[in-house]
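Subject: Handover of a structure and findings

Dear colleague,

Please find below the structure that I am passing on to you. My findings follow it, arranged by topic.

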Amino acid sequence: MIDLKQAEACAPPAPEAARKTLLHEFRTILEPLNLAEHFPTPQPLEVELGCGDGSFIVEWANRNRERNFLAVERLLGRIRKPDKRGRRIGLTNLNLVRIEISYFLEFLLPPASTEAIHVYFPDPWPKVKHRKHRLINERFPALARRALKPGGVVYLRTDHGEYFAQMLTVFRADKSFEEVEAPAELAELTTDFEREFNAQGIPTNRASWRMTGA
Ligand SMILES: C[S@@+](CC[C@H](N)C(=O)[O-])C[C@H]1O[C@@H](n2cnc3c(N)ncnc32)[C@H](O)[C@@H]1O
């Protein structure tokens with residue numbers, strides 16, 4: 001007679017039950033995230049800030065299942081799309097965090113936790129009086145430095161020439177970053193906004209900055 005209890009104990013672990021949502025459900029926003037609760041496997045972490053409809057991060061996470069990904073977005077209507085797509089293709093290495101980016105960087109993302117930060121087509125705030133709202137400002141390199149592991153990289157893209165110039169200025173002023181090339185497999189993958197801009201003939205400005213630890 002088969003002893004069911006013994007058989008159960010010897011059986012390989014059941015595949016992870018399909019997740020109901022990839023959206024992080026906060027118990028508190030007053031403590032840093034416990035990354036072990038986000039992912040079934042501890043693996044190198046990458047973060048996308050302002051993922052929008054999320055087609056980039058879903059595809060990038062799908063192609064890189066040996067890494068974990070956190071994607072941050074404040075709009076629920078947008079972040080629901082990568083949630084749906086990610087679950088449909090069985091991603092367990094993608095978690096979506098609905099929160100304000102600066103707060104996430106300063107208070108929630110554990111220090112020295114991250115190998116790559118992707119920021120693609122952040123809101124340009126083109127009016128001079130609104131530029132103070134830009135994400136990539138004088139403070140941003142320090143926030144990125146806090147989050148990154150040594151050798152970690154910030155990948156930036158924008159359609160907006162003047163904002164791109166600001167991005168270059170703030171990173172060039174920080175001697176702990178050096179400009180590098182993005183890997184070809186990353187560079188070839190476009191985002192939703194990028195495809196729309198490129199279709200209108202608007203080119204993408206790109207820069208990548210590696211933290212040297214200097
Ligand atoms: C122009 S869209 C680009 C989306 C995507 N990265 C792409 O390239 O297709 C910028 C996104 O960042 C989000 N966003 C802007 N500022 C934010 C903030 N402070 N916190 C969280 N999300 C923000 C917006 O809601 C929007 O979805």
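How many helices and strands are there in the protein? There are nine helices and seven strands. Please bear in mind that this is a predicted model.

Overall dimensions and packing

Taken along the principal axes, the C-alpha atoms of the protein fill a box of roughly 75 × 40 × 35 Å. The protein has 214 residues, of which 31% count as buried. Among the contacts with a separation of 6 or more, 80% are accounted for by residues 24 or more positions apart.

The sheet

Seven strands form an open sheet with mixed pairing, in the order β3-β2-β1-β4-β5-β7-β6. The edges are held by β3 (94-97) and β6 (177-180); each has a single partner strand, so one side of each is left without a neighbour in the sheet. From one strand to the next, the twist averages 20°.

Two of the pairings may be described in detail. Strand β1 (residues 45-49) pairs with β2 in the parallel sense over five bridges, and Val 47 stands opposite Leu 70 in β2. Strands β4 (residues 114-120) and β5 (residues 148-158) also run parallel and are joined by six bridges. Here Thr 114 stands opposite Leu 148 in β5.

Strand β2 (residues 68-72) deserves a separate note. Five of its five residues are buried, so the strand is largely enclosed by the rest of the structure.

Helix α6

Which residues of helix α6 (residues 140-147) are buried? They are Phe 140, Pro 141, Ala 144 and Ala 147. Seen down the axis of α6, these buried residues fall within an arc of 125°, so they line one face of the helix. They pack against α5 (101-108), β4, β5, α7 (161-172) and β6.

The ligand

The ligand is surrounded by 18 residues, and the closest are Gly 50, Gly 52, Arg 74, Thr 191 and Phe 193. Helix α9 (residues 192-199) supplies three residues, the largest share of this shell. By type, the shell divides into eight nonpolar, three polar and seven charged residues.

Arg 74 also features in another finding: its C-alpha atom is separated by 5.7 Å from that of Glu 100, although the two residues are 26 residues apart along the chain. Glu 100 lies in the loop between β3 and α5. This residue is exposed, with 12 other C-beta atoms within 10 Å.

Two residues with positive phi

Ala 112 is a residue other than glycine with a positive phi, near 50°. Phe 121 is not a glycine either, and its phi is positive at about 55°. Ala 112 is placed in the loop between α5 and β4, while Phe 121 lies in the loop between β4 and α6.

Is each of these residues buried or exposed? Ala 112 is exposed, with 12 other C-beta atoms within 10 Å. Phe 121 has 21 C-beta neighbours inside 10 Å and therefore counts as buried.

Yours sincerely

Definitions and conventions
Residues are numbered from 1 along each chain as its sequence is written. This is a predicted model: local features need pLDDT of at least 70, side-chain atom pairs count only at pLDDT 80 or more; totals for chains, interfaces and linings use all residues. A residue is near a molecule or strand if its C-beta atom, placed from the backbone, lies within 6 Å of it. Helices (H or I, at least four residues) and strands (E, at least two) are DSSP runs, numbered from the N terminus. Ala, Val, Leu, Ile, Met, Phe, Trp, Tyr, Cys and Pro count as nonpolar, Asp, Glu, Lys and Arg as charged, and the others, Gly among them, as polar. Two strands pair if DSSP finds at least two bridges between them. Axes are lines fitted to C-alpha atoms, for helices over the stretch in contact, and angles run from 0 to 180 degrees between N-to-C directions. A residue is buried if 20 or more other C-beta atoms lie within 10 Å of its own, exposed if 12 or fewer, and partly exposed in between; C-beta atoms are placed from the backbone. The arc is that of the directions from the helix axis to the C-beta atoms. Two residues are in contact if their C-beta atoms, placed from the backbone, lie within 7 Å.
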